[in-house]
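Please read it alongside the sequence and the structure shown below.

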Amino acid sequence: MSMKFYPLQFDPILKERIWGGEKLNTVLNKPITSKTTGESWELSTVEGEVSCIANGILKGQSLTQVIDEYPIEILGAAVYDRFGKQFPLLLKYLDAREDLSIQVHPNDELAKKRHNSFGKTEMWYIMQADDDAKIIVGFKEKSNAENFSENLKSNTLLTILDDVSVKAGDVFFLETGTVHAIGAGLVVAEIQQTSDITYRLYDFDRVDSQGNTRELHVDLALEAINYNKVDTYKSYDSVFNQSNRIVDCPYFTTNFIPLNGEITVNKTDKTFTVYMCVDGAFEIEFDNVKFQYKKGDTVLVPATMNAFGLNGKASVLEIFIS
């Protein structure tokens, strides 16, 4: 008998971070158990950190198990042709009580050569921002490895990096090689390639509870950095009950849906679709069954589900592979 597919939710994989706080609980209702929880991995097939299905008849199975058994039905033919049985995205929510380290991610070529991994192109959607919250994205002016190294050694790195004030609803798209840091006072939805490769450049000289500093990866990073000035801010429309395009890149496409009422979705079966609820609440109606979601929820719609309804009052990110 063939499998009857449905929208899949997953148990969050919660990560302790030196810079984390409690907003993943107070803002997103995640079941954190500490005051320094920095990340909730919503959808992951990173080795050792694989998401587990939390609902329906597939409850308890891992995402990799289900993809292995039903690759076309879950991923879609086009995604399977390109990535095989690999789930190509990693989706997270982050709470930055303190500044994250200044870091950079390698591109596909460098990550493959050094780590047998994808690179890490990523997108940030700012869900909540304190009044003075900022991010670091790239350089104020074009730089080079020598200038970068000199500023790092003289503890003046922050003077050459571009810091940007942010507010809820802002979106930033970071191609690989972009030096960056999420600043204190932010809750962020992050969409990225499946990769956990990060080169840490500067960590504000802080220490953990045992008095240890975190490892830096400056030598690895120098070849990975894009020293050009970059434009990372993404403007987008907010037409109600429509998919408003934010990002369309080789690794993922992201739309913004300001939902107020009911819409019908008819999509291709060549790719899966993910919905991240960044505000409000909504439901998916499929085959006369309603599945309910609230702010902070993430749901994977298998590729074989190509017609369903969305209903509610919510701000939703819609993610798929073009």
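In this predicted model, strand β1 (residues 13-21) pairs with strand β2 in the antiparallel sense, over five bridges. Strand β2 also runs antiparallel to strand β5 (residues 89-96), to which four bridges join it.

- Strand β2 spans residues 37-43 and is mostly covered, with seven of its seven residues buried.
- On the β5 side, glutamate 39 has leucine 94 of β5 as its bridge partner.
- In a regular strand, side chains alternate between the two faces of the sheet.

- Valine 137 belongs to strand β8 (residues 134-139).
- Valine 137 counts as buried because its relative accessibility is 3%, against a cut-off of under 20%.
- Beyond its neighbours within four places in sequence, valine 137 is in contact with several residues, including Trp124, Asp162, Val164 and Thr232.
- Leu174, Thr178 and Val179 are also among the contacts of valine 137.
- The C-alpha atoms of valine 137 and aspartate 163 are 6.4 Å apart, while the two residues are 26 residues apart in sequence.

**Salt bridges**

- The whole structure contains 20 salt bridges.
- One of them joins lysine 15 and glutamate 49, whose closest N and O atoms are 2.6 Å apart. This pair links distant parts of the chain, with lysine 15 in strand β1 and glutamate 49 in strand β4 (residues 49-50), 34 residues apart.
- Lysine 15 is buried, at a relative accessible area of 12%, whereas glutamate 49 is partly exposed, at 23%.
- Aspartate 130 and lysine 23 form another salt bridge, with the closest N and O atoms 3.1 Å apart. Aspartate 130 is in the loop between β7 (122-129) and β8 and lysine 23 is in helix α1 (residues 23-26), so this pair ties together parts that are 107 residues apart in sequence.
- Aspartate 130 counts as partly exposed, at 31% relative accessibility.
- Lysine 85 and aspartate 68 meet through their side chains in a salt bridge of 3.0 Å, N to O. Because lysine 85 is in the loop between α4 (77-83) and β5 and aspartate 68 is in helix α2 (residues 63-69), the pair ties together parts that are 17 residues apart in sequence.
- Lysine 85 is partly exposed, at 41% relative accessibility, and aspartate 68 is partly exposed, at a relative accessible area of 46%.
- A network of salt bridges links Arg97, Glu98, Asp203, Arg206 and Arg214.

Notes
Residues numbered from 1 in each chain as written. Predicted model: local features only at pLDDT ≥ 70, side-chain atom pairs only at ≥ 80, totals over all residues. Heavy atoms only, no water. Buried < 20%, exposed > 50% of the residue type's maximum accessible area, 1.4 Å probe, protein only. Helix = DSSP H or I, 4+ residues; strand = E, 2+ residues; numbered from the N terminus. Pairing = 2+ DSSP bridges. Contact = heavy atoms within 4.5 Å. Salt bridge = Lys/Arg side-chain N within 4 Å of Asp/Glu carboxyl O.
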